[in-house]
Amino acid sequence: MRLAPLGVRLLLASLLLVIVLLPLAGFGLTYNFRQSATASFDSRLESQLNALLAGIQVDNLGRRLQLNRSLGDARFDRVYSGWYWQITDGDDLMLTSRSLWDQRLPVPAHDNGVNVYAVDGPRNEGLRMIERDIRLPGHANEIHVALAGSTRELDREVGRFERLLIMSLATFGVLLLAGLALQMRWGLAPLRRMSANLRAVEEGEAERLDTQLPAELKELALAMNSVLERDRRLIERGRAAAGNLAHALKTPVSVLKTLSERFPAEQRQPINTELARIDDAVRHHLARASAAGGAAFSGRVSIAKAIEPVVQGLARLAQRRGLRFESYVDPLAAARIDPQDLQELTGNLLENALRWAEGEVSLTVRQVDQGVRLRVEDDGPGMTQAQSEAALARGVRLDARGSGSGSGGSGLGLAIVEDLMALYGGTLRLERADLGGLAADVWLPVSPVSPHGDPAPGGT
């Protein structure tokens, strides 16, 4: 859950609160309603008891009790209706409602005054009973008057309330969660917009983050824009410095080459070899510097349009050398790479193929799942498996790579291609070509590389 999206975390927290709080609120409301309904029921019982007390009188002889009025409720006359009354004189039963028939209400120990409590009536029926003791003028003994009503009506009323409350709270919970979900979606919209802006910057479709955001996120967007701008300046400065260094070294290297011509042949050869190594190193690091920021700010480019000048130029070179050059480039193929870096990559592979081809070179570019495959083949001597692995081994020196590859100056070109692959998250494979020579197989992703380092599909 620590890695769950913010919206999911907030929604789950809200769901937990709803699950805990709504039932507690339901229990509290039900309890209060039952208390209120019971109090109302007791009030009705007390009213009936007062009416019963008002109708009790003593006969002229002062011996027997009489009820001189009806309570006005037919339930007291219907047998086992659930509503009963009885009047006792100590242990002697004096008067009862017709509804009691041959049953009697219990007479528990009680305090003076009016008492209300639950009892079991006829047929084990739950009753709510109110009772009190009174003294009547002309009657020697204290009499006990009790009136009871069935709690079925009370229970039905509370049950109806509970069902209505459950449906109401369930509906309220659903509406509350829906409202919270909409509120969270609206509240997190700036974050989603910021995430989309970041993807656009990463894809090369935008240069800066949109700062039309709430105050809390606006400061973050401004800070990120400052970092992006600083990175761009550093990249441009690095490229310019590498270019200036390369140009500054070209003239001294050329002068040294000219001066080396004055030396005898046996001394001139080692000097020229070392100067060539310096020249190759300058070219290599200049190429790396020129591609130092393409991955961070490149959008998708059309492969055919980007490499068209390189393909046309090298096709003319192949024609002058008497080589057959075939190319197929999918017009819909597109990858996330800087056009200059794509030209550098394609040019190095084609130049290497033209250098070692005996009669034929081919270039194929096709759109594949989640990427683009670029394949360059020749019919030259090629490489063995060991030479291919050595040529792509990390940490191998340029001169060792060049001499160990069996392809002379191919070491520098392959080094540049590998650097570009590392920069853009692509892969490079060297294998036996169908034409008989070397095949350089490149895979470039269409989308940015996974931050978790997932292997590139099709790159193995």
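A salt bridge is counted here when a side-chain nitrogen of Lys or Arg lies within 4 Å of a carboxyl oxygen of Asp or Glu, and by this rule the count comes to 12 salt bridges. The model is predicted, so that local features need pLDDT of at least 70 and side-chain atom pairs count only at pLDDT 80 or more, while totals for chains, interfaces and linings use all residues. Residues are numbered from 1 along each chain as its sequence is written, and side-chain values use heavy atoms, with hydrogens and water left out.

**Exercise 1.** Find which residue forms a salt bridge with Arg34, and describe how exposed the two partners are.

Solution. Begin with the atoms: the closest N and O atoms of Arg34 and Asp155 are 3.7 Å apart, and the two residues form a salt bridge. Finally, turn to accessibility, where buried means under 20% relative accessible area, exposed over 50%, and partly exposed in between (1.4 Å probe, protein chains only). Arg34, at 33%, is partly exposed, and Asp155, at 39%, is partly exposed as well.

**Exercise 2.** Decide whether Asp73 and Arg75 are buried or partly exposed.

Solution. The side chains of Asp73 and Arg75 meet in a salt bridge of 2.8 Å, N to O. Asp73 has a relative accessible area of 15% and is therefore buried, whereas Arg75, with 21%, is partly exposed.
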